[in-house]
Amino acid sequence: MRVQDIIAIKRDGGELDPEQIRFFIGGYTDGSIPDYQAAALAMAIMLRGMEPDELSVWTDAMLHSGSVVDLSMIPGVKVDKHSTGGVGDKISICLAPAVAACGVPVPMISGRGLGHTGGTLDKLESIPGFSVDQPVERFCELVAKHGLALIGQTEDLAPADRKLYALRDVTGTVPSIPLISSSIMSKKLAEGMDALVLDVKVGAGAFMKTEPEARRLAETLVGIGSRAGKRVSALMTRMAEPLGEAVGNANETIEAIEVLKGRGPADVTELTYALGAEMLVLGGKAESAAEAREKLGEAISSGRALQTLKDLVAAQGGDAEAMDDYSRFPGAAHTIDVGSAEAGVVQSIDAAEVGIGGMLLGAGRQVASDEVDHGVGVTVHKHVGDEVAEGEPLVSLAYNADGGLTDATNRILDAYTIGPDPVAKGPLIIDVIRSEPA
Ligand code: URA
């Protein structure tokens with residue numbers, strides 16, 4: 001089999017057969033197929049797309065490019081959540097312990113920040129001592145003992161995706177629905193979950209800017225999961241403006257802890273309940289969303305959800321006392337307010353620009369080798385629909401080095417559109433797409 005023939009089939013709009021797909025993924029993983037041929041095929045897939053059967057085989061080949069975790073010895077339906085990425089999205093940190101505290105095991109393998117979006121691993125690493133690098137055996141032990149684990153992708157899980165993702169990042173082939181879907185689902189299927197809830201973000205701060213695009217992504221993800229025999233639900237959720245008030249790392253982790261104390265911002269709390277309810281229903285711990293919400297509310301008000309997080313933090317080497325004493329988190333030496341140039345009502349906020357502003361302060365990476373400064377970030381004071389007076393702070397910026405400050409300030413100011421008219425926000429949960437029960 002010649003790789004150039006496989007590339008040519010896809011270039012001309014054809015469908016790859018299972019043998020060709022497995023030959024390609026195997027060869028790319030073991031290094032016998034070079035990056036330049038993989039880049040050509042990725043671009044052909046990006047332009048020509050993939051048929052559902054073809055995409056299922058492609059995902060399965062990526063999934064089996066490494067080892068697959070077996071959690072079958074842990075009783076119960078193991079349910080994970082994955083977000084397609086947004087700005088201010090700290091939900092995993094409050095959601096996973098809340099769901100685990102209701103008896104659903106959550107085996108969660110998360111990622112790092114990507115482009116303008118933050119990553120759960122970077123946020124978790126703001127907890128002093130917390131280690132996201134846990135071997136697979138320890139991952140299984142944590143899920144068995146604490147009902148959850150929050151770790152990073154290990155070397156041997158879906159290595160084809162790790163290579164292909166890095167290549168796509170530098171060859172203009174990230175925004176392809178088949179490539180994004182297979183990338184996400186190969187990793188999730190490799191971690192040993194039984195069911196998955198997806199948070200497919202839509203809007204300025206998401207990779208999918210429009211509802212039709214996000215719906216296609218959601219349907220494709222759910223389709224891959226169903227074909228692999230898993231129950232999958234995808235919530236399409238609004239990501240037009242930053243979620244909550246905190247954008248950064250330590251500040252976002254603290255905001256997530258506040259949700260577990262019943263004091264989180266309304267949108268972060270509501271999304272936690274909506275995703276958590278879906279997880280509890282899939283995990284067989286509630287018959288309906290209403291019952292699930294009640295259980296989540298009890299886990300939070302009783303303090304069990306917070307205790308679950310504290311226990312896990314200690315088990316992963318972190319400082320559990322920081323959950324109550326936020327001064328133990330890394331901080332920033334300076335804070336400034338960024339005031340509105342005009343009076344009016346916030347019409348829109350380009351969340352991606354706020355994310356880039358945070359990144360310029362050091363909360364994210366401009367190149368892969370950059371170190372994240374966990375203590376810096378943005379606090380969003382004004383959201384869409386809020387009234388603002390001239391000079392009133394729209395956001396505050398917390399920073400240590402002032403190198404990126406001017407650029408961050410300008411980008412965030414430009415991200416706000418202020419106008420005279422009242423604005424109605426769209427719904428937070430736009431739609432839910434569910435696989436059929438098996
Ligand atoms: N997240 C992933 O894991 N992969 C993609 O391709 C895009 C977002």
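The model is predicted, with local features needing pLDDT of at least 70, side-chain atom pairs counting only at pLDDT 80 or more, and totals for chains, interfaces and linings using all residues. Residues are numbered from 1 along each chain as its sequence is written, and side-chain values use heavy atoms, leaving out hydrogens and water.

Six residues from domain 1 and seven residues from domain 2 make the contact (heavy atoms within 4.5 Å). Between them, the two domains bury about 500 Å², with 84% of it on carbon and sulfur atoms; buried area is the accessible area (1.4 Å probe) that two parts lose on being put together, summed over both.

As for salt bridges (a side-chain nitrogen of Lys or Arg within 4 Å of a carboxyl oxygen of Asp or Glu), the interface of domain 1 and domain 2 has zero. The overall count comes to 32. One of the pairs is Glu 255 with Lys 90, whose closest N and O atoms sit 2.7 Å apart. This pair ties together distant parts of the chain, 165 residues apart: Glu 255 is in helix H11 (residues 250–260), and Lys 90 is in the loop between strand S1 (79–83) and helix H5 (91–100). Helices (H or I, at least four residues) and strands (E, at least two) are DSSP runs, numbered from the N terminus.
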